[in-house]
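I opened the model to go through its ring pairs, its core and its sheet. My entries follow in the order of looking.

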Amino acid sequence: MKTPFLAAFAALVAAVLLCVAPALPAEAHTSLKSSDPQKNAQVKTLQKVTLEFADSVQFPVVVVRGEDGKSYEQGEPVVDGPKVTEAVTEPVPPGRYTIAWRVVSADGHPLEGEIPFTVVGDQSVGAATSAAAPGDPPAASAPAAAAPATAPAAQADDGGQGGVPGWIWAVIFGIAGIGIGMFLSLRKKP
């Protein structure tokens, strides 16, 4: 009578331990190695965006968005193994921009992120922009209104590289625990 109870208890303990053990992050997923422009970089001009990952990726989506919400990407991103390149419409006016990207790694895990940067432009472009700014007050206030909207999006991205949801691991190891318990309970007794 004690043997089935002990077998069931051992199976329960094994299932709990197996549920807790895979809480470590998965190492098989790729990650962003570098970008051009880099995070928080200041560049004079922008002609293209290049993202390089640790491994090959597929199904890329790259969006280059200014403070005013306007998109500056041109065409579809080009994938060359671990490198993704996106052409940008020219000229890109001086200001703050964000590259929002999403790719799928070779193991099927989606990855996404954002890279903020600033285009400072040439001195001649900066003078033309400052001369036009006093005559157009609504355009000057639009970037200030758009800035708070981009902050929550950047904060939401911080936890975007989670692994397999915990409930899936609980189901898998729960079923395994039940199987172990049944095996131990139903085996032939000497």
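I began with W169 and F173, which both lie in helix α4 (residues 166–186), 4 residues apart, about one turn of the helix. Helices here are DSSP runs of H or I with at least four residues, strands are runs of E with at least two, and both are numbered from the N terminus.

I noted that this is a predicted model, in which local features need pLDDT of at least 70 and side-chain atom pairs count only at pLDDT 80 or more, while totals for chains, interfaces and linings use all residues. Residues are numbered from 1 along each chain as its sequence is written, and side-chain values use heavy atoms, with hydrogens and water left out.

I looked up burial for the two residues (buried is under 20% relative accessible area, exposed over 50%, partly exposed in between; 1.4 Å probe, protein chains only). W169 is partly exposed, with a relative accessible area of 28%. F173 counts as buried at 16% relative accessibility.

I then listed ring pairs (Phe, Tyr or Trp, the last by its six-membered ring, with centres within 6.5 Å; planes under 30 degrees apart are stacked, over 60 edge-to-face, the rest tilted). The structure holds 4 aromatic pairs. In one of them, the ring centres of Y97 and F117 are 5.8 Å apart and the planes stand at 20 degrees, so this pair is stacked. Y97 belongs to strand β7 and F117 to strand β8, so the pair ties together parts 20 residues apart in sequence. Both Y97 and F117 are buried. W169 and F173 are also stacked, because their centres are 5.7 Å apart and their planes at 15 degrees. Ring pairs join Y72, Y97 and F117 into a cluster.

V64 stands opposite I99 in β7.

Last came the sheet (strands pair if DSSP finds at least two bridges between them). Four strands form an open, mixed sheet in the order β2-β8-β7-β4. Its edge strands are β2 (41–43) and β4, each pairing on one side only. β4 and β7 pair in the antiparallel sense over 8 bridges.
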